[in-house]
Amino acid sequence: MALTLYVDTARWRAHQKSVIDQFPGIIPVCKGNGYGFGHERLAEEVNRFGADMLAVGTTYEAARMKDWFGGDLLVLTPFRRGEEPVPLPDRVIRSVSSVDGVHALVGARVVIECMSSMKRHGIGEHELAQLHAAIEDVRLEGFALHLPLDRTDGSDAVEEVIGWMDRLRAARLPLHTMFVSHMRAEELARLQQQFPQTRFRARIGTRLWLGDHEATEYRGAVLDVTRVSKGDRFGYRQQRAASDGWLVVVAGGTSHGVGLEAPKAMHGVMPRAKGVARAGLATVNRNLSPFVWAGKQRWFAEPPHMQVSILFVPADAQEPQVGDELVAHLRHTTTQYDRLVDR
């Protein structure tokens, strides 16, 4: 019995098509854990809809993906002099975010990342003059901008890209292709209209693979159910049961990503209040699990184990049975399923 990712394949692929239709020349992104689906499965999808380029996070991911995808592979993590060499075919394109990096990649295919308002990495405006000589020794595929998701200052993504287009043009650098991340379809259309000689290509991962939340569902199988009475001791730490009910052992533990949560950026009073409440409950060993039974998310009886979790279901709820499956609200990018089922 397993933690299973169920995929409504027809719905998922219909969503993929809707995104692809909005972004001509889209570059699908497959990095990390493959957005919860795995690299091999996403490579199958990309091969199916026929993209000519696929973006991956690292050179290690490119080394694996080259066996599953036959087109160009764009490595998003910028090259750094002194990094561990990974044997890769010529169809791999390296991102570069420094003039020194360009100089170090003689003969290579490169995309030069510009410093956006993300301020994560990229070439600065003051370095553009130095690029002329550097790009003579590489095969320049284009420039790139990785833009922020939120713009709390009211700034405009299109204007930010236009600003960089103007700087690159003033520096007499080639503008045949610009790779962008985190832009809406209408924003990309505005850019394409304003700069018809430049090809704008959107690098998209989350929106493409995870944009339709109803297309996927995680479920954990019930492995055991044990009746407990108030005061009974249980588990690794031999805590006492707070009331009568059942201890439910369900597939899905820390090795699957259950109980692991990435920090979230909170905005507004209510989300912050909920965060404070959750933190307070955690100090008395009350942690809400991602598993749902009888319409409610259930509490962890104790912290999740490596491959299973033990939940507490109170006596006033329906008793789960071995073999039942509990829906689990899990973050795709931090979850590793046991099996994937198309339906």
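Q: Axes are lines fitted to C-alpha atoms, for helices over the stretch in contact, and angles run from 0 to 180 degrees between N-to-C directions. At what angle do α6 and α7 pack?

A: Helix α6 (residues 157–170) and helix α7 (residues 185–194) pack at about 35°, and their axes are 9 Å apart. Helices here are DSSP runs of H or I with at least four residues, strands are runs of E with at least two, and both are numbered from the N terminus. This is a predicted model: local features need pLDDT of at least 70, side-chain atom pairs count only at pLDDT 80 or more, and totals for chains, interfaces and linings use all residues. Residues are numbered from 1 along each chain as its sequence is written, and side-chain values use heavy atoms, leaving out hydrogens and water.

Q: Which residues of α6 and α7 meet?

A: From α6, Ala-157, Val-158, Glu-159, Val-161 and Ile-162 meet Glu-187, Arg-190, Leu-191 and Gln-194 of α7 (contact means heavy atoms within 4.5 Å).

Q: New topic! How many strands form the open sheet?

A: Eight, with parallel pairing, in the order β2-β9-β8-β7-β6-β5-β4-β3. Two strands pair if DSSP finds at least two bridges between them.

Q: Which strands are at the edges?

A: β2 (27–28) and β3 (53–56), since each pairs on one side only.

Q: And how many bridges do β7 and β8 pair over?

A: Strands β7 (residues 139–146) and β8 (residues 177–181) pair over four bridges, in the parallel sense. Phe-143, for one, has Met-178 in β8 as its bridge partner.
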